[in-house]
Amino acid sequence: MELRYGLNDLKRNKAVNIALATVLLLSAFLMATGAMVIERAVSSVDQLLSQARPPHFLQMHAGDYDVAALERFAAAQPDVEAWQVHEMVGFAGAEISWQRPGTDQGGDLSASLIDNLFVTQNRDFDLLLAEDGTAASPETGEVDVPVAYQRQFGLEEGDQLTVRTDDGARTLTVRGFVRDSQMASSMSSATRFVVSDQDFARLTAGGGGDPEVIVEYRLTDESMAAGFQRAYEAEEALPKNGQAVTYTMIRVINTFSHGLVAVALAMVSGVLILIALLNLRFVIRGAIEDDVRQIGAMKAMGIASKDIAGLYLGKYRVMALAACLAGGAVAVGATAVLTRGLAADFARAEITPLTVIAPVAALAAVYLVVMTTIRGILRRINRIDVVTALVHGSTLTARQAARRARRQRRAAHRTDLANFRRGSLNTRLTWLGLRAEGRQWSLIPLVFFLSTIVITVPTNMLSTFESPRFVTYMGAPEADLRADLQFGDDLDQSRTELLSAMREDPRLTDVRSYANVVYETPGEDARGDAGWDSLRVEVGDYSGGTVEFSKGGAPEEGQIALSALNAGALGVGPGDSIRVRQGTEDAAATEVEVSGIYQDVTSGGYTAKMQGNIESGANSYVVYGSTGADAGDAAAVAAEYNARYDGVEMKPMRDYVQQTLAYVTDAFRTAAIVALVFGVGLAALITVLFLQLRLSRDRQKMGILFALGFSLREVGTQVLLKTVLAVGLGTLAGVAVANAAGEAGVGAVLSLSGMGLTELTFLTNPAVVYVLYPLGMVAAGCAGAAVLLAGLRRQDKSTWLKEA
Amino acid sequence: MKPVTTPTSRAVLSARGIRKTFHATEPPAQVLDGIDLTIGHGEFVAVMGASGSGKSTLLYTISGMDRPTAGQVSVDGHELAGLDDTRMSALRLTTMGFVFQHPYFLANLDIHDNVLLPALKAAKTREQKEEAKARAARLLERFEIGHIGSHGITEVSGGQLQRASLCRALTTEPVILFADEPTGALNSSMTAEVMDALTQAHRGGTTLVMVTHDPACAARADRVLYLKDGSIVDEWKAGPWEADTTGDREAELLSWLRDLGF
């Protein structure tokens, strides 16, 4: 009987049921996709980590180091399973070119800002994997290129890769592409090329490259990594001129870029479920009101409320189940598309029980939430009074009915149509109608409020991360050009030449140079006496106030500004002092006051700034300059300087931001597009669903107005006007909340992600989020209303009165 | 041969070959089957027939609420087929009035504002608005419901509501008034109340077309049309109700209806 009732209802309210099923399906689809993408990303990364066996702790280092000290340290540590010093030689992208034999296709790798490190394959751990999951082992004359470059530059097997050394060009044939557990993530600031021992020796001997090492340790228990790191850093004789990374960080960073999309999907899905529940409440309450006499009759016959509720429940149970099954099925396809990059970047994840359990659990959660809500709404049937239902056709109890009558009376007495002066009669009626039916219309502003947040927040995040002003979150001043000096024989000389050229260049203004120097400071857990942590400090002139500080201000002489993550790790704030030293002599340590805290997402978020001028001996330099108002000049200037100076990588700031943050912006772009499509589509769909039900209840009223001499256009305009007002109200509230509270919410999520941002101010594109999107939402609402209103034209208007 | 109904005075409404088919049913239902009808100025015409004979459909088709499948309707010299939505609604506003079986009102307006609404819609100037308000007040007084003007629609009786409905139909001083079973939902005392009001309106010069099941109500009409299966099969002419002093008008009508199988 339940099934028959459900089928009849499906036929009777086809459009409403289809719309409702669609909303449920979308909710289930997004939730399942989010769960599957997260599971796939984690499995894929884990698979890569199990194949490649990355170190549990690694320390990068540039410069000389004491091998004996490393051996002593390793021997003294009982947790070390294996260790190695992995040698690398880095070349700037501009020094590496490629050519496809027999064609004129080719170019260089200067478009990539990350370090290009040539290495040989390791023997036991930290393996660089070929596409089949085995360790890549190129022959002499061959090279295995990072998979990221395969995509970025369209490289193919058989291409010729030429590295320009001081001794001349070395040409290698691309044998294949490698996946790198340490540097697979697009967040990594370096990437590795695998060559044979002979070629590595030639490249190193050829000169022009920048030698670096990674000291790597495999531990018996990966959970010991943090303690091991402290022990390593406490040892003065060990090499520390570079970043230190633990296994956990490698894992988190690898998962993060894909995880962002999954988290965004899950968030959109959460909002969708909320919208679906609001809709269900609206539709089911409407159905109960429509069927109240039948419900009254069934109750009069002695059928229990529970059994009557069962008639409705059966239909929604089937609908929710079908939506979850279909949503899950579509999610499989969507996940395959969204995780296509995973297999290339990481490894083909094996199917495990969790692969099935994750989406099934997500779908079960959707189903349970939906069904629990429906049961709650159907409890209304218990309260229906038989006599009121049969005689008055009302679901209200006597008290509720009296309250409603009083409310209507009060509203009617306040209308005073006779004395209205301003505006048209239609507008006046619309307003009065909306005032009287406010509760029934509340669904629309609510849905548009939520949908607007769904479409606005990801777009705001995208525009924030894409904005040239985002450099202020990267601890850098706002400028049009950024030149990096990292590689080359004589960095100091290169810097001097570049700086004087830029200062003399009439096209450039506000030229500033900063030096990256590694200091050391006592670690949080071993303050004062135990270990010293390396502290990457950018030394330069901060007096112009171009860097934004979230707390405190720019450093002056004898002061230091810390990145938010560093300040947190050291447990200090503005006004506190820390000890820093350059080199390993305790005596050289000086006390500096923390002047301020800024946000930084570069170098893992752990940086610092000091006022000063260092012209020699720095690890690297960065020079900023501005070209004035015309940003188009920046690219031309950068190209000119890059051609003129070896070892200089100059970029327009916009390009630098885009490339450095590509991992986040790509994720946000996907999230923003998905959210936009779903948000706008859903808003239009709900408008249609709502108006379909609303119009069927308002037919009598429309029929009266039509009979009284209001044209169909006027009757339609009243509906449209109500829709626009309801949609506009929801959209405005959504825009306000998305831009205010959204900022705080996203800031909180980002600060938890450990990216180096603790608070976030959206750098919005006002034309998009304040004009285009709201207009798009209102247009979606109007389009939904227009579709339904067009259908009214064909109907016999007398039926509106008869069916009421 | 179907009778072509003719008025006793200048025609206000004429319909030729009216057909109406509803395609929503399977098979499509032909509810009106080629009706010809003329209604004269100041006439009171009642339409009777069994349920499903097409009475209400005829009323809504000749009043322009619904479009006929075929045929032409002219009201006060305007061919309805040639009017677009805007001009059609303007004609309904200024020329026609409606009273329904259920006195449909806008629940969020009080009685006075409901009555005033069409007149307010028709008024273009402030003077016209003031005149509309005065007219609405006069009508409410004339039909003895002036005291309930500020009441909500749930605070008055069915008879009062139906009289208010008549006031609303008359505020625009329509040429023709269409009433679809105006007493169908009322008890006998309220029926008399409403019929007196309608008769009073007719006496005031308004042309009246009324669909009814009630012979006592139909007996007040100048003419009664009888519909069967979508066609007018006969008509009963009796002249003005006020002029009838014989007292056997209703009995005559009943006898005529019985002959038609009513």
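Predicted model: local features only at pLDDT ≥ 70, side-chain atom pairs only at ≥ 80, totals over all residues.
Buried means under 20% relative accessible area and exposed means over 50%, with partly exposed in between. On that scale Asp76(B), at 32% relative accessibility, counts as partly exposed.

**Positive phi angles in chain B**

Most residues other than glycine have a negative phi, and most peptide bonds are trans. Against that background, Asp76(B) has a positive phi of about 50 degrees although it is not a glycine, and its place is the loop between strand 4 and strand 5 of chain B. Glu144(B), likewise a residue other than glycine, has a positive phi near 60 degrees. The loop that holds Glu144(B) runs between helix 4 (126–142) and helix 5 of chain B, and at 59% relative accessibility Glu144(B) counts as exposed.

| Residue | Relative accessibility | Class |
|---|---|---|
| Asp76(B) | 32% | partly exposed |
| Glu144(B) | 59% | exposed |
| Tyr226(B) | 4% | buried |
| Trp256(B) | 11% | buried |

**The four-stranded sheet of chain B**

Strands of a sheet pair through backbone hydrogen bonds, either parallel or antiparallel. In chain B, 4 strands form an open sheet in the order 2-1-4-5, and the pairing is antiparallel. Strand 2 (29–40) and strand 5 (78–79) of chain B stand at the edges with a single partner strand each, so one side of each is left without a neighbour in the sheet. Within this sheet, strand 1 (residues 11–22) and strand 4 (residues 70–75) of chain B pair in the antiparallel sense over 5 bridges, and Arg19(B) stands opposite Ala70(B) in strand 4 of chain B. Helix 1 of chain B lies across strand 1, strand 2 and strand 4 of chain B, and runs at about 60 degrees to strand 2 of chain B.

**The six-stranded sheet of chain B**

A further open sheet of chain B is formed by 6 strands in the order 6-7-8-3-9-10, with mixed pairing. Its edges are strand 6 (96–99) and strand 10 (231–237) of chain B, each of which has a single partner strand, so one side of each is left without a neighbour in the sheet. On average, and with direction ignored, neighbouring strands of this sheet are turned by 20 degrees against each other. Strand 7 (residues 176–180) and strand 8 (residues 207–211) of chain B pair in the parallel sense over 5 bridges, and Val211(B) in strand 8 of chain B is the bridge partner of Asp180(B).

Helix 1 (residues 55–62) of chain B also lies across strand 3 (44–49), strand 7, strand 8 and strand 9 (223–228) of chain B, running at about 150 degrees to strand 7 of chain B. Helix 5 (residues 158–170) of chain B lies across strand 6 and strand 7 of chain B, and runs at about 170 degrees to strand 6 of chain B.

**Aromatic pairs**

Over all chains the structure holds 26 aromatic pairs. In one of them, the rings of Tyr226(B) and Trp256(B) have their centres 6.1 Å apart and their planes at 85 degrees, so the pair is edge-to-face. Tyr226(B) lies in strand 9 of chain B and Trp256(B) in helix 8 (residues 249–259) of chain B, so the pair ties together parts that are 30 residues apart in sequence. In chain A, one aromatic cluster is formed by Phe57(A), Phe73(A), Trp83(A), Tyr217(A), Phe228(A) and Tyr232(A).

**Chain A and its helix 3**

The secondary structure of chain A comes to 25 helices and 22 strands, and 53% of its 804 residues count as buried. Among the contacts in chain A with a separation of 6 or more, 82% are accounted for by residues 24 or more positions apart.

In helix 3 (residues 67–76) of chain A, the residues Ala69(A), Leu70(A), Phe73(A) and Ala74(A) are buried. Seen down the axis of helix 3 of chain A, these buried residues fall within an arc of 130 degrees, so they line one face of the helix. An α-helix has 3.6 residues a turn, so residues three or four places apart point the same way. Arg72(A), Ala75(A) and Ala76(A), on the other side of helix 3 of chain A, are exposed. The cover over the buried residues of helix 3 of chain A includes strand 2 (80–91), strand 11 (210–219) and helix 6 (225–234) of chain A. At the N-terminal end, helix 3 of chain A is capped by Asp66(A), a side-chain oxygen of which lies 3.1 Å from the backbone nitrogen of Ala68(A).

Terms used. Residues numbered from 1 in each chain as written. Chains lettered and ligands numbered in written order. Heavy atoms only, no water. Pairing = 2+ DSSP bridges. Helix = DSSP H or I, 4+ residues; strand = E, 2+ residues; numbered from the N terminus. Axes fitted to C-alpha atoms, helices over the stretch in contact; angles between N-to-C directions. Contact = heavy atoms within 4.5 Å. Buried < 20%, exposed > 50% of the residue type's maximum accessible area, 1.4 Å probe, protein only. Arc of directions from axis to C-beta. Polar contact = N/O pair within 3.5 Å; in protein donor to acceptor, adjacent residues only side chain to side chain. Phe/Tyr/Trp six-rings, centres within 6.5 Å; stacked < 30°, edge-to-face > 60°.
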